[in-house]
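Hi,

Here is the structure I promised to pass on. Have a look at it first, and then read my notes below.

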Amino acid sequence: MGAQNIPLILYHATYTHYIRRIKKFGLGGKERDRSWESSRPGVICMAADKDEAYSYAEIADAVPDEWHDKIVVLAVNTADLNKSKIFPDTNIKLEPRQKP
């Protein structure tokens with residue numbers, strides 16, 4: 001993903017349980033809590049659409065079921081992020097856009 005393709009705002013969905021730690025340590029924090037069994041340490045998942053980010057949190061498989069009712073979507077300004085560290089998720093298979 002080239003820097004010119006990265007939106008100014010990306011969205012990260014998390015759970016109210018993590019908000020205090022995120023405020024204190026930032027995304028990723030000191031401890032890496034995983035929402036997915038396949039999550040890799042040091043990797044934060046974000047989406048270009050807030051509803052898409054929310055949907056990822058809705059189906060996360062490594063959090064208690066009751067957390068799915070306490071999802072928070074954070075907007076992340078990418079202007080000051082190191083763009084060389086932003087990559088598309090290879091687990092997401094996008095369908096080619098259909099022509100009208």
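The protein chain has 2 helices and 2 strands, where helices (H or I, at least four residues) and strands (E, at least two) are DSSP runs numbered from the N terminus. Along the sequence they come in the order β-α-α-β. Before you go further, note that this is a predicted model, in which local features need pLDDT of at least 70 and side-chain atom pairs count only at pLDDT 80 or more, while totals for chains, interfaces and linings use all residues. Residues are numbered from 1 along each chain as its sequence is written, and side-chain values use heavy atoms, with hydrogens and water left out.

Some overall numbers: of the 100 residues, 23% count as buried, meaning under 20% relative accessible area, with exposed being over 50% and partly exposed in between (1.4 Å probe, protein chains only). Among contacts (heavy atoms within 4.5 Å) with a separation of 6 or more, 73% are between residues 24 or more positions apart.

β1 runs antiparallel to strand β2 (residues 71–77), and 7 bridges join them; strands pair if DSSP finds at least two bridges between them. One example is Y11, whose bridge partner in β2 is A75.

H12 also sits in β1. With 12% relative accessibility, H12 counts as buried. Leaving aside neighbours within four places in sequence, H12 is in contact with L27, I44, C45, M46, A53, V72, V73 and L74. A53 is 41 residues away along the chain, yet the C-alpha atoms of H12 and A53 are separated by 5.8 Å. A polar atom of the H12 side chain also lies 2.7 Å from the backbone oxygen of C45.

Then there is the largest nonpolar core, which has 12 residues: Y11, A13, Y15, Y18, I22, A47, A53, A57, A60, V63, W67 and I71. (A nonpolar core here is a set of buried Ala, Val, Leu, Ile, Met, Phe, Trp, Tyr and Cys residues joined through side-chain atoms within 4.5 Å.) β1, α1 (16–25) and α2 (50–58) each supply at least two residues of this core, and β1 gives the most, with 3. Not counting residues up to four places away in sequence, W67 touches Y15, H17 and Y18.

Cheers

Notes: A polar contact is a pair of N or O atoms within 3.5 Å; within protein, one must be able to donate a hydrogen and the other to accept it, and residues adjacent in sequence count only if both atoms are side-chain atoms.
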